[in-house]
Number of protein chains: 2
Amino acid sequence: MNLSKRVLNMQESPVRKLVPYALKAKKNGKKVYHLNIGQPDIETPKEFMEAINNYDTRIIQYSYSQGEPSLIEAIKDYYHRDNIYFDNEDILITNGGSEALTFTTIATCNPGDEILIPEPFYTNYNGFTSEVNVNLVPITTKAEDGFRLPKRKEITKLITKKTKAILFSNPGNPTGVVLTKNEMDMLKEIAIENDLFIISDEVYRKMAFDGLKSYSMAELDGISDRLIVIDSVSKRFSACGARIGSIASKNKELTKNILKLCQARLCVATLEQIGAASLYKLPESYSEEIKNTYEKRRDIVYQTLSDIPNVVCKKPQGAFYVVAKLPVENAEDFCVWLLETYNYNGETIMLAPAEGFYGTKGLGKDEVRIAYVLNEEEMKRAMFILREALNVYNQ
Amino acid sequence: MNLSKRVLNMQESPVRKLVPYALKAKKNGKKVYHLNIGQPDIETPKEFMEAINNYDTRIIQYSYSQGEPSLIEAIKDYYHRDNIYFDNEDILITNGGSEALTFTTIATCNPGDEILIPEPFYTNYNGFTSEVNVNLVPITTKAEDGFRLPKRKEITKLITKKTKAILFSNPGNPTGVVLTKNEMDMLKEIAIENDLFIISDEVYRKMAFDGLKSYSMAELDGISDRLIVIDSVSKRFSACGARIGSIASKNKELTKNILKLCQARLCVATLEQIGAASLYKLPESYSEEIKNTYEKRRDIVYQTLSDIPNVVCKKPQGAFYVVAKLPVENAEDFCVWLLETYNYNGETIMLAPAEGFYGTKGLGKDEVRIAYVLNEEEMKRAMFILREALNVYNQ
């Protein structure tokens with residue numbers, strides 16, 4: 001009566017594995033600034049709860065397996081704003097971007113198949129794939145290069161007969177990289193030449209700074225049959241706990257088959273879909289404001305990091321993360337030390353060790369991911385503590 | 001760029017595949033009584049929305065991966081009522097019973113492994129297993145025998161080296177069978193002797209009629225290391241759209257590993273968990289009342305079925321389904337005909353063809369599942385229509 005190899009081989013969440021240390025620190029009276037997890041402090045738009053309260057909740061009924069028609073319509077209209085035209089049947093509602101990625105993996109890969117992915121990558125991609133016996137093949141990118149994609153041949157040499165898709169988040173978690181049009185074109189060409197699906201995780205779309213435009217892959221021509229766009233209300237609308245994501249693809253055979261996966265689990269929580277529909281109807285000015293908020297926080301984080309000696313980190317361009325190489329041997333030890341041992345006037349910070357964001361063993365050992373999800377005052381304080389802590393740690 | 005075999009091989013939901021016919025019938029002005037899907041007409045207790053409205057919804061935040069502590073506590077206390085003692089860490093909250101079953105399958109089985117299951121079975125078990133490359137091995141039960149379990153050796157002869165678990169729903173969907181203490185003991189002994197996990201789907205627990213007690217497998221001794229109990233608020237509390245389920249097991253290694261699957265998808269919708277906690281706090285009298293309601297409906301359905309010539313069906317004892325063998329050659333054709341062609345004064349019924357509830361090819365072709373989820377008046381009307389329709393169909 002053994003557990004399966006696939007579950008035993010899964011890694012613990014590097015974002016959440018230090019939680020027991022944080023709980024203990026808090027129990028001992030320390031204040032902990034959470035920069036470890038992408039949980040923004042920004043209020044969820046009030047339209048979310050208003051929509052739920054206006055809904056007939058006498059019987060909390062099953063929704064459709066594909067999703068609530070009003071939410072599908074709202075997402076369709078949302079894409080239209082950027083001249084992206086999906087049909088209603090092209091859109092499937094999922095339990096967060098998480099389920100969207102699991103379903104996409106199951107539908108495109110058999111056990112033993114491979115998906116290419118730039119590393120460092122959103123660590124839960126490991127879970128979505130390894131739990132269904134699919135292997136991630138990392139395309140290494142480096143802090144020194146600002147985590148830009150390598151040259152085309154560095155990518156294509158990784159392709160085997162088992163490669164089924166290329167997956168990336170853009171803007172990137174954890175790197176903050178916003179792909180240029182040229183980089184997107186390169187990925188497009190690689191996918192076409194090697195007959196791969198393109199899984200574009202765009203949950204941080206519209207969160208690109210410095211006047212950059214964050215394109216959707218759906219704005220590119222010639223890949224509508226192979227493109228699968230993942231989205232979510234979690235980050236853009238600060239509604240992480242709603243667990244509303246979506247899959248959008250013009251490949252009808254794909255969506256028809258993913259619908260079978262949707263049917264097996266019946267539906268996504270009904271009320272949350274009603275609430276989410278209201279979010280996708282918010283004007284563009286809402287996203288603009290959110291972006292500006294994060295851009296200011298990014299400036300604070302990047303400024304501090306630039307000022308700390310021997311920290312390697314290029315300016316992140318989007319999302320709300322940065323990966324920084326720290327002047328420590330083992331970043332996980334440092335993160336544990338921050339929670340267990342260190343405090344500055346009773347305060348400390350929690351970071352995510354970046355090793356778990358890499359697929360290649362040994363990489364990222366001296367790196368951390370910082371999520372700038374607190375207000376400017378708190379971010380300043382937290383970054384000050386990081387600087388002081390590094391000073392103490394390295395003495 | 002082909003889709004995966006595992007997704008292509010998945011069957012369409014037999015409960016939902018006739019939906020296009022139903023939509024067309026309604027468009028043409030027909031009233032359709034839905035006996036095809038387990039969506040009760042009973043109002044969700046008002047405590048559900050009250051709890052949500054009393055919750056701080058300013059930021060819809062991630063919940064814990066394991067689940068909201070208040071919901072875990074409420075489920076623990078709910079089991080205590082029946083002298084079942086789980087620790088908080090033994091309970092994991094999932095996206096409905098659906099995700100609970102998917103996670104349990106992934107954690108207990110590698111690709112190619114097998115799970116034993118009495119057939120006919122809840123058809124979505126097919127999805128939860130085949131999408132992760134696990135095979136269901138059916139233990140055939142028959143309408144003529146009231147779908148009771150066969151003798152022990154009929155079950156044990158199906159066990160191979162690849163058999164990892166035995167799975168069943170009790171009270172049974174779609175059969176309405178409530179396992180006796182003796183049958184449960186037999187399953188327990190089979191599991192112990194063959195070192196199998198026991199996956200006990202108890203989402204219909206407390207819905208047993210005729211004064212029968214529906215035991216939880218957790219009330220049995222000697223299996224705490226191999227028992228996994230699945231539960232959900234969907235049916236017992238008429239909150240299908242909340243998508244709140246749970247896994248409970250005293251096998252700490254199992255729950256620790258399933259927690260990794262929970263972490264990969266971050267969490268279950270926060271608000272729905274808050275609402276669900278209030279449901280598990282409802283007094284036993286609530287379940288008693290719901291049970292009495294379904295028992296009266298069961299009586300109406302069973303009485304009518306008994307009166308129709310050549311229908312084979314024993315009295316169901318629990319849940320809110322019955323599988324009946326009809327005097328037709330192909331039940332799916334009959335179900336389509338009901339929607340496409342037939343009407344009785346502008347009304348018709350929608351049933352679920354039972355073939356999809358069997359794992360053995362060819363079985364169940366002349367059977368349907370009827371969900372008695374409408375009020376007594378409507379159930380009477382719907383069953384009257386079934387009787388009339390069979391008359392017309394067989395002329």
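1. The structure is a predicted model. Please read each point below with that in mind.

2. **Make-up and size of chain A.** Chain A holds 13 helices and 12 strands. Its C-alpha trace spans about 60 × 55 × 55 Å along the principal axes. The radius of gyration is 21 Å. A compact globule of 395 residues would come out near 21 Å, so chain A agrees with that expectation.

3. Of the 395 residues of chain A, 57% count as buried. Consider next the contacts in chain A between residues at least 6 apart in sequence. Of these, 77% join residues at least 24 apart.

4. **The A–B contact.** On one side, 66 residues of chain A take part; they touch 65 residues of chain B. Six helices of chain A each give two or more residues to this side: H1 (5-8), H3 (47-53), H5 (96-108), H6 (124-130), H9 (252-264) and H10 (270-280). Which of them gives the most? H9(A) does, with seven residues. By class, the side of chain A that touches chain B has 29 nonpolar, 21 polar and 16 charged residues.

5. **H5 and H9 in chain B.** Two packed helices are described by the angle between their axes and the distance between the axes. In chain B, helix H5 (residues 96-108) packs on helix H9 (residues 252-264) at about 115°, with the axes 10 Å apart. The crossing is right-handed. H5(B) contributes Phe103(B), Ile106(B) and Ala107(B), while H9(B) contributes Leu254(B), Asn257(B), Ile258(B) and Leu261(B). How do the residues of this contact divide by class? Six are nonpolar, one is polar and none is charged.

6. **H11 and H13 in chain B.** Helix H11 (residues 284-307) and helix H13 (residues 376-393) of chain B have axes that come within 10 Å and cross at roughly 15°. H11(B) and H13(B) are therefore roughly parallel to each other, since angles under 35 degrees count as such. H11(B) passes H13(B) in a right-handed crossing. From H11(B) come Lys296(B), Arg297(B), Ile300(B), Val301(B) and Thr304(B). They meet Glu376(B), Met379(B), Lys380(B), Met383(B) and Arg387(B) in H13(B). By class, this contact has four nonpolar, one polar and five charged residues.

7. **The two pairs side by side.** The contact of H5(B) with H9(B) has no charged residues. The contact of H11(B) with H13(B) has five.

Technical notes: Residues are numbered from 1 along each chain as its sequence is written. Chains are lettered from A and ligands numbered from 1 in the order in which they are written. This is a predicted model: local features need pLDDT of at least 70, side-chain atom pairs count only at pLDDT 80 or more; totals for chains, interfaces and linings use all residues. Helices (H or I, at least four residues) and strands (E, at least two) are DSSP runs, numbered from the N terminus. The radius of gyration is taken over C-alpha atoms; the globule rule is 2.2 Å times the number of residues to the power 0.38. A residue is buried if 20 or more other C-beta atoms lie within 10 Å of its own, exposed if 12 or fewer, and partly exposed in between; C-beta atoms are placed from the backbone. Two residues are in contact if their C-beta atoms, placed from the backbone, lie within 7 Å. Axes are lines fitted to C-alpha atoms, for helices over the stretch in contact, and angles run from 0 to 180 degrees between N-to-C directions. Angles under 35 degrees count as roughly parallel, over 145 as roughly antiparallel, 65 to 115 as roughly perpendicular and the rest as oblique. A crossing is left-handed if the near helix is turned anticlockwise from the far one by less than a right angle, and right-handed if clockwise. Ala, Val, Leu, Ile, Met, Phe, Trp, Tyr, Cys and Pro count as nonpolar, Asp, Glu, Lys and Arg as charged, and the others, Gly among them, as polar.
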